[in-house]
Amino acid sequence: MFNAPAPGLIFRRLAVASALTLIASCAEAPAQKPATAPLPQASQPAAKAATSPAQAPVVMPAISFDAWRDGFRRQALASGIDTATFDRAFAGITPDASVITADRSQPEFTRPVWEYLEGAISPYRVRKGQSLMAEHATTLAAIEQRFGVDREPLVAIWGMESSFGQFMGDKSVIRSLATLAYEGRRPEFAHAQLLAALQILQHGDIQPGGMLGSWAGAMGQTQFIPTTYNSHAVDFDGDGRRDIWNSAADALASAAHYLQASGWRKGQPAALQVQLPQGFDYAHADGDIRKSVGQWQATGVLLVGPQANGLSGESASLLLPAGYRGPAFLVLDNFRAILKYNNSSSYALAVSLLGERFDGGGQLIGSWPRDERPLSRSERVELQESLTAAGYDPGTPDGIIGANTRKAIRGYQQRLGWPADGFPTQKLLESLRQR
């Protein structure tokens with residue numbers, strides 16, 4: 001994970017364009033090993049994925065890897081890395097072609113949010129999380145006492161990031177980051193992470209052979225990137241090392257430390273399921289629009305479940321993860337804290353619901369629009385280009401449905417007299433095509 005950026009945020013953003021492994025759904029054990037933290041709306045479905053023709057051309061570095069390494073070595077030593085640490089870390093290191101392939105790949109197809117959630121909150125994951133909460137009850141109680149972070153969402157993050165420590169990535173972090181710093185799309189960022197990784201080795205928390213992670217450099221049971229590790233990793237088991245690879249106590253406490261710094265509020269939910277009244281203005285489903293829970297209730301929004309008690313003064317935004325046809329949620333400060341860990345509303349919703357499932361809750365009251373086929377990447381790019389042609393400003397046509405694109409969609413939906421939920425659909429794209 002990360003320091004200024006969220007724990008896995010920047011490299012997860014890079015990984016959004018990569019072919020990530022599907023999360024196991026109802027199997028008794030995870031079917032495959034994820035290369036990085038699971039990303040909502042970014043994993044391939046069962047259908048074959050195609051690489052986008054709009055992919056940027058490959059530009060090879062002007063210097064050899066050896067020349068780049070020697071230059072980086074001088075910079076690392078000048079910044080305080082000792083010679084022995086650097087030479088031990090880089091012994092036998094060569095570029096990893098599979099890292100560059102993952103960095104540059106852009107999957108064409110995506111899974112809908114309901115399939116993502118079904119995998120994230122699989123029966124296996126719920127049972128495994130409940131078992132581990134009992135096994136680590138004493139440690140979790142101590143973490144709650146020290147950091148003020150509830151155990152349920154903490155264990156949910158543990159499950160989401162590495163399937164409770166089972167799948168942490170098997171690539172050399174030094175080799176992956178060196179490859180990205182030498183030949184990747186974001187060399188400056190990778191350079192900073194590589195230097196931070198060397199600092200971790202110099203501190204003695206892990207040996208080079210044990211510093212394994214994803215192709216993007218996310219490490220350990222909580223998938224921290226090196227700068228986040230340096231700022232938030234914790235030695236909670238008292239052995240003198242911050243070991244998020246082999247110590248569940250260290251990994252959980254480190255994640256709790258990060259959530260604490262992100263503004264976690266103990267004892268409060270992250271998301272509340274709600275029912276919306278007839279004639280509701282769906283344009284209010286915007287993360288930038290915040291009202292107190294009481295103010296939402298005054299507009300006719302009905303809170304569902306016991307967690308709603310005593311929250312009338314709390315600031316909340318309305319989330320419609322599948323548009324106006326799907327379930328609705330009010331998301332609070334703890335949801336925003338999870339977003340700092342991974343800036344994806346689907347991920348944050350999965351953490352919230354999985355944590356509730358550990359205590360027997362988290363059942364959805366609404367139904368998903370399962371007849372709605374999500375737009376492919378090419379279709380999302382086409383949608384953005386068409387919105388621009390129609391006089392709206394969705395931003396750069398990159399296939400990412402961000403705040404600007406949702407705002408443009410709302411504008412066009414209002415023009416048509418449709419529910420302005422900002423959600424991209426096949427029907428919306430077809431309307432734009434007919435223009």
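Modeller: Start with strand 7, where both faces are covered. Ala328 and Leu330 lie on one side, Phe329 and Val331 on the other, and all are buried. Buried means under 20% relative accessible area, exposed means over 50%, and partly exposed is in between, with a 1.4 Å probe and protein chains only. Helices (H or I, at least four residues) and strands (E, at least two) are DSSP runs, numbered from the N terminus.

Colleague: Before we go on, what kind of model is this?

Modeller: This is a predicted model: local features need pLDDT of at least 70, side-chain atom pairs count only at pLDDT 80 or more, and totals for chains, interfaces and linings use all residues. Residues are numbered from 1 along each chain as its sequence is written, and side-chain values use heavy atoms, with hydrogens and water left out.

Colleague: How do I read the two faces of a strand?

Modeller: In a regular strand the side chains alternate between the two faces of the sheet. Strand 7 has Ala328 and Leu330 on one side and Phe329 and Val331 on the other.

Colleague: In what order do the 5 strands of the sheet lie?

Modeller: The sheet is open, the order is 4-6-7-3-5, and the pairing is antiparallel. Two strands pair if DSSP finds at least two bridges between them. Strand 4 (291-292) and strand 5 (302-303) stand at the edges with a single partner strand each, so one side of each has no neighbour in the sheet.

Colleague: How many bridges join strand 3 to strand 7?

Modeller: There are 4, and the two strands run antiparallel. Leu272 has Leu330 of strand 7 as its bridge partner. Strand 3 (residues 271-275) also pairs with strand 5, over 2 bridges. There, Gln275 is partnered by Leu302 of strand 5. Strand 6 and strand 7 are joined by 3 bridges.

Colleague: Which helices lie on this sheet?

Modeller: Helix 14 (residues 333-341) lies across strand 3, strand 6 (315-319) and strand 7 (328-331), at about 70 degrees to strand 6. Helix 15 (residues 345-357) packs on the sheet and touches strand 3, strand 6 and strand 7. The direction of helix 15 makes about 95 degrees with that of strand 3. Axes are lines fitted to C-alpha atoms, for helices over the stretch in contact, and angles run from 0 to 180 degrees between N-to-C directions.

Colleague: Is Ser317 buried or exposed?

Modeller: Ser317 is buried, with a relative accessible area of 3%. Ser317 is found in strand 6, and its bridge partner in strand 7 is Val331. Contact means heavy atoms within 4.5 Å. Not counting residues up to four places away in sequence, Ser317 touches several residues, including Asp286, Trp296 and Arg336. Ser317 and Lys291 are 26 residues apart in sequence and 6.6 Å apart in space, C-alpha to C-alpha.

Colleague: Now a helix. How do I find its buried side?

Modeller: An α-helix has 3.6 residues a turn, so residues three or four places apart point the same way. In helix 2, the buried residues are Phe65, Trp68, Gly71, Phe72 and Ala76. Seen down the axis, they fall within an arc of 140 degrees, so they line one face of helix 2. The arc is that of the directions from the helix axis to the C-beta atoms. Arg74 and Ala78 are exposed, on the face turned away from the buried side.

Colleague: What do the buried residues of helix 2 pack against?

Modeller: They pack against helix 3 (83-89), helix 9 (173-183) and helix 10 (187-203). Just after helix 2, Gly80 takes a positive phi of about 115 degrees.

Colleague: Which residues have the most contacts inside the largest nonpolar core?

Modeller: They are Trp68, Phe90, Ile174, Leu198, Met211 and Phe335, in a core of 85 residues. A nonpolar core is a set of buried Ala, Val, Leu, Ile, Met, Phe, Trp, Tyr and Cys residues joined through side-chain atoms within 4.5 Å. Helix 12 (residues 248-261) gives the largest share of this core, 8 residues. A second, separate core of 17 residues includes Trp296, Leu311, Ala316 and Leu320.
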